[in-house]
Amino acid sequence: MTYDPTRHHRRSVRLPTYDYTQPGAYFVTICSQHRECVFGEVVQGQMILNGPGQMVELVWRQLPQRYPGVEVDAFAIMPNHVHGIVVLVGAGPVGAGPRACPEPSGRPQGVAPTMSLPDVIHRFKSLTTAKYRRGVHNDGWQPFPGRLWQRNYYEHVIRNDRELARVRQYIR
């Protein structure tokens, strides 16, 4: 099916004038494609992660080690979606010294660019999809239909400590 602007009305859920590279906390919800239950199941009110669910949790927890300036906070995996808080803190100086030119060693100087929230989510989805595909091939995980994740995600800019506490409680 080809895109028809008179029938298809994709609208961004992003705030049109907001800079998503700004330091701050962001609540995100990311759903599996077609809301397939691929990450585990709820048994007696408790989420039991399967192999793919454990992998998704590990990738989430490793985001700060992979990407300077990114921290993660509360996180929950459900059978067909994840909720989490991404905190963009900005990146600190790279290398030593205030010079703008690279040293002879080739190490960059100055401040590293900050990732945007869409960059973080894109990389999370890409990493988990690649690892899931390996799990299907190597470990017999349930194949997913076409794509692992839905095209977009829900986000909410957390504006104060009260909101942060409320979102953490919701995720728990």
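When I call a residue buried, I mean that its relative accessible area is under 20%, while exposed means over 50% and partly exposed covers what lies in between, computed with a 1.4 Å probe on protein chains only. What you see here is a predicted model, in which local features need pLDDT of at least 70 and side-chain atom pairs count only at pLDDT 80 or more, whereas totals for chains, interfaces and linings use all residues. Residues are numbered from 1 along each chain as its sequence is written, and side-chain values use heavy atoms, with hydrogens and water left out.

Let me turn to the aromatic rings. Rings of Phe, Tyr and Trp, the last by its six-membered ring, pair if their centres lie within 6.5 Å, and planes under 30 degrees apart count as stacked, over 60 as edge-to-face and the rest as tilted. Searching the whole structure gives 11 aromatic pairs. One of them joins phenylalanine 27 to tyrosine 170, edge-to-face, at 6.1 Å centre to centre with 85° between the planes. Phenylalanine 27 is buried at 8% relative accessible area, whereas tyrosine 170, at 56%, is exposed. Another edge-to-face pair, tyrosine 132 with tryptophan 141, has 5.3 Å centre to centre and 75° between the planes, and both of these residues are buried. Ring pairs also link Phe39, Trp60, Phe75, Phe124 and Trp149 into a cluster.

Finally, the cysteines. With a disulfide taken as a pair of cysteine sulfur atoms within 2.5 Å, the count is zero. Cysteine 31 is buried, with a relative accessible area of 9%, and cysteine 37 is partly exposed, at 46%.
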